[in-house]
Amino acid sequence: MNPRGVRYLKLILFVLSLTPALLLLEGALSDALGTNPVETLVRDTGQWTLRFLLITLLISPLRQLTGQSQLLRLRRMLGLFAFFYALLHLSLYIGLDKFLYWDEILNDILDRPFITIGMLAFVLLVPLAITSTDAMMRRLGRNWVKLHKLVYVIAVAGVVHFYMLVKADVTEPVIYGLILAVLLMFRLPAIKRWRPFRA
Amino acid sequence: MLIKKPSDISPSEITPRETYRDRRRFMQQMAGLGLGGVLMGATGTAVAGYGGKPLNFTPSTKYRVDEKPTPYEDVTTYNNFYEFGTDKASPARRAHTLEPRPWSVVVEGACAKPGRYDLEEILKPHPLEERIYRFRCVEGWSMVIPWVGFPLGDMLKRFEPTAAAKYVVFETLYDPEQFPNQRGRVLDWPYLEGLRMDEAMHPLSLMVVGLYGEVLPNQNGAPMRLMVPWKYGFKSIKSIAKIRFVEEMPTSTWMRANSREYGFYSNVNPRVDHPRWSQQSERRIGEWGRRKTLMFNGYGDEVAHLYSGMDLRKFF
């Protein structure tokens, strides 16, 4: 793929990635998010965070399988969208779901393991978003790669957060977990060496 | 059999749809809904089964909270009824498979009059009344709902429970043909709930057969469900097919699913947190902000004495 093709692909992906947020905003403004719109907003932004984490983690294996190294140039944007949805998710939880009841929010973070873990995942995402610029990459050098391995911890924490919050039916979080497991398997040295489509 | 099949009901007995729609609109306005009710009539709701047929009842003067009732649309499309799926929209969409007539209820255990009773036989002697109760879900949301029913205690007395009856157990009908999600194993079916005898005999405990002046829609637990307004919603079991008087405290479905998180009493209590949800506050459906949750859901004056001397942190 030539650089121009990548630029177009990036633009299309940018619009696609923003679409769920715009649809939620439109739904909220037109009162179309169902009986409990706050629940819908918090739940959906959380799910999009997880989806973008998984999509971001898919890029490396995809490059490995197809040999298309240009794919790497999409990864930063997708990762930043994961952060964007995580930020929305957290802000909606604090501002709308808990309506700035700080004592309750603090209790939630301290006493409720699924919220503790979700909060931890968000806190770990912040340095990754901050160090996502070219300048930061240059400055951190080899350490940048080490730091950004945190995304594995974050993704696992995200899935565990989802798994722990469902009351009885764990089907959905288990599906996310299985996809994540497959994506993480590609990081194993033995599988990393596998190059099916490369000359 | 007293139960009428749909084919036995002559057309003249059935209220025209427009008439009861008007009636529903009227009821909602009476219930203090104002403009919202008028708008709702235009959107309409898919109500499965016999839901929507008007009922004869007297509005209770004693039991009506002075808060704005939650619109009919929300009460009938946002339901936790895992027998039809675990998301809240599923029951309204899928509950058409439930056939609330004919229906019978098995009464067993420590009582003088056990047996299988036709629903009509059970309902017949009880005049219906409308009560507007607060409804608080353990998940942290709440509604205000005008139920139609009769005191649970009045019904239980007819079965003449013996001195050995310390608790009463209720079971939802087990029939995967009618409740498709019972094929899965999300919960240990049939759904089972129970009350201590004094809780069951408390005048606030209601056997519900309708809401908003009409027959209970399937998704809300047709043909007959429990309503215990000072406890979290999951205690108020739906589509009851079995009543059993027992001596020992039963293990409810949610206790079996997760005994650390769900206790037998499950009284609404802002001071005892659920491991997943703070219970200090709640979102009233239709509002953006949060309200403080009231002890015993605001029914403390009536029911607190039932638990005097009990450590409600231990007996949660």
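Predicted model: local features only at pLDDT ≥ 70, side-chain atom pairs only at ≥ 80, totals over all residues.
**View 1. The interface between chain A and chain B.**
Here 22 residues of chain A are in contact with 28 residues of chain B. Together the two chains bury about 2,100 Å², and 49% of that area is on carbon and sulfur atoms. On the side of chain A, the residues that lose the most area to chain B are Thr35(A), Arg112(A) and Lys167(A), together 34% of what that side buries. If you like to look for polar pairs, there are 16 residue pairs in polar contact across this interface, with both partners at pLDDT 80 or more. Four helices of chain A, namely H2 (37-66), H3 (75-97), H4 (102-111) and H8 (150-165), each supply at least two residues of the side that touches chain B. The largest share of that side, 4 residues, comes from H4(A). By residue class, the side of chain A that touches chain B divides into 10 nonpolar, 3 polar and 9 charged residues.

**View 2. A salt bridge that crosses from chain B to chain A.**
The count of salt bridges between chain A and chain B is 5. One of the salt bridges to look at here joins the side chains of Arg290(B) and Asp97(A), at 3.3 Å from N to O. Side chains of opposite charge can pair when their charged atoms come close.

Lys98(A) sits in the loop between H3 and H4 of chain A. Is this lysine buried or exposed? Lys98(A) counts as buried because its relative accessibility is 6%, below the cut-off of 20%.

**View 3. Helix H8 of chain A and what covers it.**
H8(A) has 16 residues and reaches 23 Å from its first C-alpha to its last, close to the 22 Å expected at 1.5 Å a residue. Its buried residues are Val151(A), Ile154(A), Ala155(A), Ala157(A), Gly158(A), Val159(A), His161(A) and Phe162(A). As a reminder for reading such a list, an α-helix has 3.6 residues a turn, so residues three or four places apart point the same way. What covers the buried residues of H8(A) includes H2, H3, H5 (113-130), H7 (142-148) and H9 (171-185) of chain A.

**View 4. Arg142(A) in helix H7.**
Arg142(A) lies in helix H7 of chain A. Arg142(A) counts as exposed because its relative accessibility is 74%, over the cut-off of 50%. For a sense of distance, the C-alpha atoms of Arg142(A) and Phe81(A) are separated by 24 Å, with the two residues 61 residues apart along the chain.

**View 5. Chain B as the setting for the remaining views.**
Chain B has 9 helices and 13 strands. Of its 316 residues, 60% are buried. Among contacts in chain B with a separation of 6 or more, 73% are between residues 24 or more positions apart.

Over all chains, the whole structure holds 30 salt bridges. In one of them, the side chains of Arg101(B) and Glu120(B) meet at 2.9 Å, N to O. Glu120(B) is partly exposed, with a relative accessible area of 22%.
In the other, the side chains of Glu160(B) and Lys113(B) meet at 3.1 Å, N to O. Glu160(B) is in the loop between H6 (152-158) and E6 (167-172), while Lys113(B) is in the loop between E2 and E3 (115-118), with 47 residues separating them along chain B. Both partners are partly exposed: Glu160(B) has a relative accessible area of 38%, and Lys113(B) has a relative accessibility of 39%.

The side chains of Arg291(B) and Glu287(B) meet in a salt bridge of 2.8 Å, N to O. Arg291(B) is partly exposed at 29% relative accessible area, and Glu287(B) is partly exposed at 32%. Which residues belong to the network formed by salt bridges that share partners? Glu67(B), Arg134(B), Arg136(B), Glu282(B), Arg284(B), Glu287(B) and Arg291(B) are joined in it.

Note on methods. Residues numbered from 1 in each chain as written. Chains lettered and ligands numbered in written order. Heavy atoms only, no water. Contact = heavy atoms within 4.5 Å. Buried area = accessible area lost by both parts, 1.4 Å probe. Salt bridge = Lys/Arg side-chain N within 4 Å of Asp/Glu carboxyl O. Polar contact = N/O pair within 3.5 Å; in protein donor to acceptor, adjacent residues only side chain to side chain. Nonpolar A, V, L, I, M, F, W, Y, C, P; charged D, E, K, R; others polar. Expected span 1.5 Å × (residues − 1). Buried < 20%, exposed > 50% of the residue type's maximum accessible area, 1.4 Å probe, protein only.
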